[in-house]
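Please look at the sequence and the model below with the following briefing beside you.

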Amino acid sequence: MTDQEHLERAYRRLLAWYPRKFRHENEQEILAVLIAGAPPGQRRPGLAEAADLIRSGLWLRLRPSVPRSARTVRAAVKLMYAGAAVSTVNLIILLAVFADIKAYHVILRQHLTAAQVSQYSTLVITVCTLWALVPIAVWLWMARACGRGRNWARIVSTVLVGVATLNLTGAFNWFSGIHLTLVPMIYGPTLPVLYWLVGLAVVWLLWRPGSRAFFRPRGYTQAQHEAQMAELARIRARLPRHV
């Protein structure tokens, strides 16, 4: 097997990170550009080049393909990712304080002895961790769906904000001594209020007149095509720098 064949095989493995449709339509052209830009005798892509192709392929698969013209949708998706980041920080803090007996007193609103804390620790940590993962998953799910022009995601996001509003007003005080919240927290209502404000802003942006066109059937398809063409142009631009 020649050096060029080794290089082509390595590039094909890297291009597998890109969406299938994008590869089917453009793989041969991309391979030609990459191989033409490689120095003689090269048998495998460099580390930086491989990382760049993997990063670009993943980003093309995962990113919300929202065009710049749909500014309100782009802003809403960014806010959703910010909400997921805040949820992650909340989970980390939640796990960090579980070793402190006072944290159990605050969370359960009951005075527990050290023996009781030891008895309940596994259950409490498991339940609170799973409960804290839910907002992270929901933020990411809604961000991806809205970024792909799914109209049902706008509706679900609106419903979730309504549920968060009920939660904020204390509609989930189901058990005496325990306040069940949609967002596990330790110190006061600050985080639920922040979530509610972010969710309210997201819904307002998603239902703005400027967002309507993107949530029509052709809106996402066009945006996806634009994103793929931009990536193809970026790869094509490599060739003049090497010849």
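Helix 1 passes helix 2 in a right-handed crossing, where a crossing is left-handed if the near helix is turned anticlockwise from the far one by less than a right angle, and right-handed if clockwise. This is a predicted model, in which local features need pLDDT of at least 70 and side-chain atom pairs count only at pLDDT 80 or more, while totals for chains, interfaces and linings use all residues. Residues are numbered from 1 along each chain as its sequence is written, and side-chain values use heavy atoms, with hydrogens and water left out.

**Helix 1 and helix 2**
- The axes of helix 1 (residues 3-15) and helix 2 (residues 20-36) come within 10 Å and cross at roughly 140°; axes are lines fitted to C-alpha atoms, for helices over the stretch in contact, and angles run from 0 to 180 degrees between N-to-C directions.
- That angle makes helix 1 oblique to helix 2, since angles under 35 degrees count as roughly parallel, over 145 as roughly antiparallel, 65 to 115 as roughly perpendicular and the rest as oblique.
- The contact (heavy atoms within 4.5 Å) includes Tyr-11 and Leu-15 of helix 1 and Ile-30 and Leu-34 of helix 2.
- By class, this contact of helix 1 with helix 2 has 6 nonpolar, 2 polar and 4 charged residues; Ala, Val, Leu, Ile, Met, Phe, Trp, Tyr, Cys and Pro count as nonpolar, Asp, Glu, Lys and Arg as charged, and the others, Gly among them, as polar.

**Helix 4 and helix 8**
- Helix 4 (residues 71-96) and helix 8 (residues 190-206) pack at an angle of about 165°, with their axes 8 Å apart, which makes helix 4 roughly antiparallel to helix 8.
- Helix 4 passes helix 8 in a left-handed crossing, and the residues that meet include Leu-79 and Gly-83 in helix 4 and Val-198 and Ala-201 in helix 8.
- The contact of helix 4 with helix 8 has 13 nonpolar, 4 polar and no charged residues.

**Overall fold**
- The secondary structure comes to 11 helices and 0 strands, where helices (H or I, at least four residues) and strands (E, at least two) are DSSP runs, numbered from the N terminus.
- Of the 243 residues of the protein, 39% count as buried, meaning under 20% relative accessible area with a 1.4 Å probe and protein chains only.

**Confidence**
- The mean pLDDT (the predictor's confidence in each residue, from 0 to 100) of the protein is 75, and 70% of its residues reach 70 or more.
- Confidence is lowest in helix 11 (residues 239-242), at a mean of 50, and highest in helix 7 (residues 151-168), at 87.
- Over residues 171-180, pLDDT stays under 50.
- Where pLDDT is low, the predicted coordinates should not be read in detail.

Definitions and conventions. Buried < 20%, exposed > 50% of the residue type's maximum accessible area, 1.4 Å probe, protein only.
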